[in-house]
Amino acid sequence: MQTLTALVPTSYAAGCPNVQCANAELDDATQIAASADATVIVVGASLAIEAESLDRINILLPGQQQLLVSEVANASKGPVILVIMSGGGMDVSFAKSNDKITSILWVGYPGEAGGAAIADVIFGFYNPSKSFTASLV
């Protein structure tokens, strides 16, 4: 998320050592969230656990990512933006009822320019809901 750092002062803590997140590291992440004006939490999957010949066995966030999201959101001083990176859907229904989580973005695997695109949405430079047009024939 180098683009966020370029736009606003940013503190960072790795809440999980890898996408499997067997042991969430909550202390630094919750401490930063407790003092930040806003918190962006990025979670999801990777090609290490989902790929063409590697199917997931469920649609839950891997490992302790749900715990990480809940604990960091509950500790946050300001609003929380939850960013989900994955090739398919993830069950984040637990986040829907958390009043601190004000936005949920599913971004797929956004590629090289993904950080800039995510920052554009977070800061309101781009509204993806206004770019969709459809015509019925």
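This is a predicted model: local features need pLDDT of at least 70, side-chain atom pairs count only at pLDDT 80 or more; totals for chains, interfaces and linings use all residues.
The largest pocket has a volume of about 1100 Å³. Its lining comprises 36 residues. Tyr12, Ala13, Val40, Ile41 and Val42 lie nearest the centre of this pocket. Strand 1 provides the largest share, six residues. By residue class, the lining of the largest pocket divides into 26 nonpolar, nine polar and one charged.

Leu7, Val8, Phe123, Phe125 and Tyr126 make a nonpolar patch of about 460 Å². Phe125 is located in the segment after helix 5 (114-122). The relative accessibility of Phe125 is 56%. The cut-off for an exposed residue is over 50%, so Phe125 counts as exposed.

Two salt bridges are found in a search of the whole structure. One of them pairs Lys77 with Asp37. The closest N and O atoms of Lys77 and Asp37 are 3.3 Å apart. Lys77 sits in the loop between helix 3 and strand 2, and Asp37 in the loop between helix 2 and strand 1. The pair therefore ties together parts that are 40 residues apart in sequence. Both partners reach the exposed class: Lys77 has a relative accessible area of 52%, and Asp37 stands at 64% relative accessibility.

The salt bridge between Glu50 and Arg56 has its closest N and O atoms 2.8 Å apart. Here the partners fall into separate accessibility classes. Glu50 is buried, at 9% relative accessibility. The threshold for burial is under 20% relative accessible area. Arg56, with a relative accessible area of 24%, is partly exposed.

Cys21 is buried, with a relative accessibility of 0%. The C-alpha atoms of Cys21 and Gly63 are 4.7 Å apart in space. In sequence, Cys21 and Gly63 are 42 residues apart.

From Ala29 to Val72 the C-alpha distance is 6.3 Å. The two residues are 43 residues apart in sequence.

Two other buried residues were compared with positions elsewhere in the chain. Ser86 lies in the loop between strand 2 and helix 4 (93-96). Its relative accessible area is 0%, so Ser86 is buried. Ser86 and Ala13 are 73 residues apart in sequence, and their C-alpha atoms are 20 Å apart in space. Ala13 is among the residues that lie nearest the centre of the largest pocket. Ala119 is part of helix 5. Ala119 is likewise buried, with a relative accessible area of 0%. A distance of 19 Å separates the C-alpha atoms of Ala119 and Ala73. These two residues are 46 residues apart along the chain.

Conventions: Residues are numbered from 1 along each chain as its sequence is written. Side-chain values use heavy atoms; hydrogens and water are left out. On a 1 Å grid over the protein atoms alone, a cavity is a set of points where a 1.4 Å probe fits but cannot get out, and a pocket is an open set with protein on both sides within 12 Å along at least five of seven lines; lining residues have an atom within 4 Å of a point. Grid points are joined across faces, edges and corners, and a volume is the space filled by probe spheres set on the points. Helices (H or I, at least four residues) and strands (E, at least two) are DSSP runs, numbered from the N terminus. Ala, Val, Leu, Ile, Met, Phe, Trp, Tyr, Cys and Pro count as nonpolar, Asp, Glu, Lys and Arg as charged, and the others, Gly among them, as polar. Patches are made of residues with over 30% relative accessible area and no salt bridge: like charges are joined within 9 Å, nonpolar side chains (Val, Leu, Ile, Met, Phe, Trp, Tyr) within 5 Å. Accessible areas come from the Shrake-Rupley method with a 1.4 Å probe; for residues, only the protein chains shown count as cover. A salt bridge is a side-chain nitrogen of Lys or Arg within 4 Å of a carboxyl oxygen of Asp or Glu. Buried means under 20% relative accessible area, exposed over 50%, partly exposed in between (1.4 Å probe, protein chains only).
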